[in-house]
Amino acid sequence: MSVIRASRKPWRSNTRRAALTNASRVRVPRALAGARPVCDGSSLRTAIDVEIYTELKSASTSTTFPRTVELADRHVVITGAGSGIGRALAIRFAAEGARAITVADVDLDGAEEVAREIGGVAVRTDVSREAEIAALVARAREANGPIDLFCSNAGVPGPGGGPEASDEEWQRTWEINTMAHIWAARAVLPEMLARGEGYLLSTASAAGLLTQIGAMAYSVTKHAAVAVAEWLSITYGDAGIKVSCLCPQGVRTPMLATALEDPIGSVPLLAEGLLEPEEVAEAVVQGLRAEQFLILPHEAVSRHMALKASQNERWLTGMRKLVRAARDAQSSS
Ligand SMILES: NC(=O)c1ccc[n+]([C@@H]2O[C@H](COP(=O)([O-])OP(=O)(O)OC[C@H]3O[C@@H](n4cnc5c(N)ncnc54)[C@H](O)[C@@H]3O)[C@@H](O)[C@H]2O)c1
């Protein structure tokens with residue numbers, strides 16, 4: 001491992017401090033200020049509105065809070081780290097001074113190569129099997145103590161097309177792209193909750209927020225991965241567990257080659273521009289530092305999300321147009 005830095009600050013203190021700072025800045029409208037949750041449903045709804053309003057208000061009035069989430073001296077486990085984004089994360093986390101990095105992948109050769117490069121430990125792990133994730137967690141803990149950051153990054157493109165894909169293909173895509181994140185949380189959370197701190201990073205995809213044209217199973221399982229991360233963040237945030245969800249669009253990795261084979265699905269990917277895995281790793285480090293839930297390395301994704309949320313029919317019409325244009329281009333070539 002490259003650098004070991006001494007000052008290690010608990011992640012949980014950052015949010016508490018930020019929350020206090022936020023709370024002192026927020027002004028709640030007088031009409032809502034006295035609302036308290038009571039058994040009556042309408043009052044409870046009002047109280048929930050106050051909470052959400054308070055968060056929205058603090059987000060819009062906040063400038064930058066001092067954040068100290070650093071990777072130095074952390075113990076990190078990354079799945080799918082033998083290639084692409086996972087490999088770039090492993091190399092970048094090592095450069096940031098992580099104390100120990102476990103490089104997990106079903107492709108042991110790839111994992112060993114990365115582990116050699118960064119002085120980490122390679123573990124062959126098939127994340128489609130819960131027992132292998134549990135064994136990975138146990139082995140990492142035994143070798144290097146409590147896990148600070150677990151990155152559920154391994155993923156597969158799944159079958160192309162829609163519902164016609166076989167149940168076996170759907171099941172495999174579901175297990176790797178979604179269930180693996182749940183199994184990882186099941187394995188690491190009890191110990192993290194007992195310590196009162198820990199960080200989970202999920203690699204989902206922009207397809208989990210928008211859609212992946214031409215790949216229904218990928219879109220559905222990545223939407224579910226985003227939902228898993230959101231649920232964990234909402235449920236365990238106050239217990240010191242941080243969650244970030246990485247949602248890139250096209251990234252130049254071996255997996256992208258599969259997506260580009262689809263002449264229709266590849267159109268939006270290429271139109272928005274491809275990033276290098278190292279650029280995604282940079283966005284992740286910045287996102288973890290800011291304890292940001294959604295990490296969106298492609299700027300266009302938040303614009304598309306805003307359109308989808310505010311003008312859903314227009315967004316759907318635009319997506320259909322994109323499919324038609326890609327089909328027309330394909331048939332005339
Ligand atoms: N490349 C992109 O354009 C892009 C865009 C959005 C999201 N993503 C997501 O990023 C993640 C990483 O993908 P990538 O682009 O780096 O692809 P990649 O193919 O370079 O890396 C994926 C890695 O996951 C491993 N893997 C596959 N199945 C596994 C299993 N069952 N158990 C353990 N490891 C397994 C592979 O061996 C490979 O090393 C995936 O979750 C993918 O869905 C990729």
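Reader: Where is the place of glutamate 291?
Author: Glutamate 291 is in the loop between α11 (277–289) and β7. Helices (H or I, at least four residues) and strands (E, at least two) are DSSP runs, numbered from the N terminus. This is a predicted model, in which local features need pLDDT of at least 70, side-chain atom pairs count only at pLDDT 80 or more, and totals for chains, interfaces and linings use all residues. Residues are numbered from 1 along each chain as its sequence is written.

Reader: What is phi of glutamate 291 near?
Author: Phi of glutamate 291 is near 50°, a positive value in a residue other than glycine. Most residues other than glycine have a negative phi.

Reader: And which residue has a positive phi of about 70°?
Author: That is aspartate 73, which is not a glycine. Aspartate 73 is in the loop between α3 (41–61) and β1 (75–79).

Reader: How many C-beta neighbours does aspartate 73 have inside 10 Å?
Author: Aspartate 73 has 19 C-beta neighbours inside 10 Å, so it counts as partly exposed. A residue is buried if 20 or more other C-beta atoms lie within 10 Å of its own, exposed if 12 or fewer, and partly exposed in between, with C-beta atoms placed from the backbone. Glutamate 291 also counts as partly exposed, because it has 19 such neighbours.

Reader: Turning to the fold, how many helices and strands does the protein chain have?
Author: The secondary structure of the protein chain comes to 13 helices and seven strands.

Reader: In what order do the strands form the sheet?
Author: The seven strands form an open sheet in the order β3-β2-β1-β4-β5-β6-β7, with parallel pairing. Two strands pair if DSSP finds at least two bridges between them. The edge strands, each pairing on one side only, are β3 (121–124) and β7 (294–295).

Reader: How many bridges join β2 to β3?
Author: Four bridges join strand β2 (residues 100–105) to β3, and the two run parallel. Threonine 102 has valine 121 in β3 as its bridge partner. A crossover is right-handed if, with the strands pointing away from the viewer, the path from the first strand over the helix to the second runs clockwise.

Reader: Is β5 buried or exposed?
Author: Six of the six residues of strand β5 (residues 198–203) are buried, so the strand is largely enclosed by the rest of the structure. Both of its faces are covered, with Gly198, Leu200 and Ser202 on one side and Tyr199, Leu201 and Thr203 on the other.

Reader: What does β5 pair with?
Author: Strand β4 (residues 149–152) pairs with β5 in the parallel sense over four bridges. Leucine 149 stands opposite tyrosine 199, and phenylalanine 150 stands opposite leucine 200. β5 also pairs with strand β6 (residues 241–246), in the parallel sense over six bridges. There, serine 202 has cysteine 245 as its bridge partner. The chain crosses from β5 to β6 through helix α8 (residues 216–236), and this β-α-β crossover is right-handed.

Reader: What do the buried residues of α8 pack against?
Author: They pack against α7, β5 and β6. Among the buried residues of α8 are Met216, Tyr218, Val220 and Leu232.

Reader: How many of the residues of α13 are buried?
Author: The count of buried residues is one among the 21 residues of α13, which is hardly covered.

Reader: Lastly, which residues have the most contacts inside the largest nonpolar core?
Author: They are Val77, Ile78, Leu89, Ala90, Ile101 and Val103, in a core of 73 residues. A nonpolar core is a set of buried Ala, Val, Leu, Ile, Met, Phe, Trp, Tyr and Cys residues joined through C-beta atoms within 7 Å. Leaving aside its neighbours within four places in sequence, valine 103 is in contact with residues including Ile78, Ala90, Val114 and Val121. Two residues are in contact if their C-beta atoms, placed from the backbone, lie within 7 Å.
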